[in-house]
Amino acid sequence: MNYCMDGAAMGYETHITRKENWFDKDGPVITIAEWEQLVAEDAEMRMDGFAEATSPSGEIIRIENEGIAVWTSHANRGESDDVVWFSFRRGKITVKNADVEVLIKMGEIARRLSAKVQGDECELYDERGQVQ
């Protein structure tokens, strides 16, 4: 993968950010209070504070973070064990392996937060979930 910063690939991430580049140390951030308020006002979102999945070997893996929310209206919800987690950390909101439907939801959230949607390779996404 051609990252715009050094790092190992661990699944492709897409970010809602106010910074010029999602990985910049300096720049405007989204606060946890803004994120919590947005989730509370969005009927399609639920703040869980954790993400949990079962590994292929049956082990339950759980990550706790006060900023982890679930999008409850993804078209595939209920058809599989896939859950769309939105994770707040370091002043941005991140989703792993987002499909077009998720990118569109991310765009909606970004507009509400006066932010943008940017992939790991620094590409920007528009309101249709397409690379600009």
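Let's start at a loop: Asn-97 sits between strand 7 and helix 2. This is a predicted model, and Asn-97 shows a positive phi of about 55° in it, even though this residue is not a glycine. Around that spot is a protein with two helices and nine strands.

**Two residues with positive phi**
- Asn-97 is out in the open: its relative accessible area is 56%, so it counts as exposed, the cut-off being over 50%.
- Ser-114 also has a positive phi of about 55° without being a glycine.
- You'll find Ser-114 in the loop that links helix 2 to strand 8 (116-119).
- With a relative accessibility of 63%, Ser-114 is exposed.

**Overall layout**
- Reading from the N terminus, the order of elements is β-α-β-β-β-β-β-β-α-β-β.
- Of the contacts with a separation of 6 or more, 53% link residues 24 or more positions apart.

**Inside the protein**
- The chain has 132 residues, and 38% of them are buried.
- The largest nonpolar core is made of 21 residues.
- Ile-16, Trp-35, Met-45, Phe-86, Ile-93, Met-106 and Ile-109 have the most contacts inside that core.
- Two or more core residues come from each of these: helix 1 (32-41), strand 5 (68-71), strand 6 (84-89), strand 7 (92-96) and helix 2 (100-112).
- Helix 2 gives the largest share, with five residues.

**On the surface**

Note on methods. Residues numbered from 1 in each chain as written. Predicted model: local features only at pLDDT ≥ 70, side-chain atom pairs only at ≥ 80, totals over all residues. Heavy atoms only, no water. Helix = DSSP H or I, 4+ residues; strand = E, 2+ residues; numbered from the N terminus. Buried < 20%, exposed > 50% of the residue type's maximum accessible area, 1.4 Å probe, protein only. Contact = heavy atoms within 4.5 Å. Core = buried A, V, L, I, M, F, W, Y, C linked by side-chain atoms within 4.5 Å.
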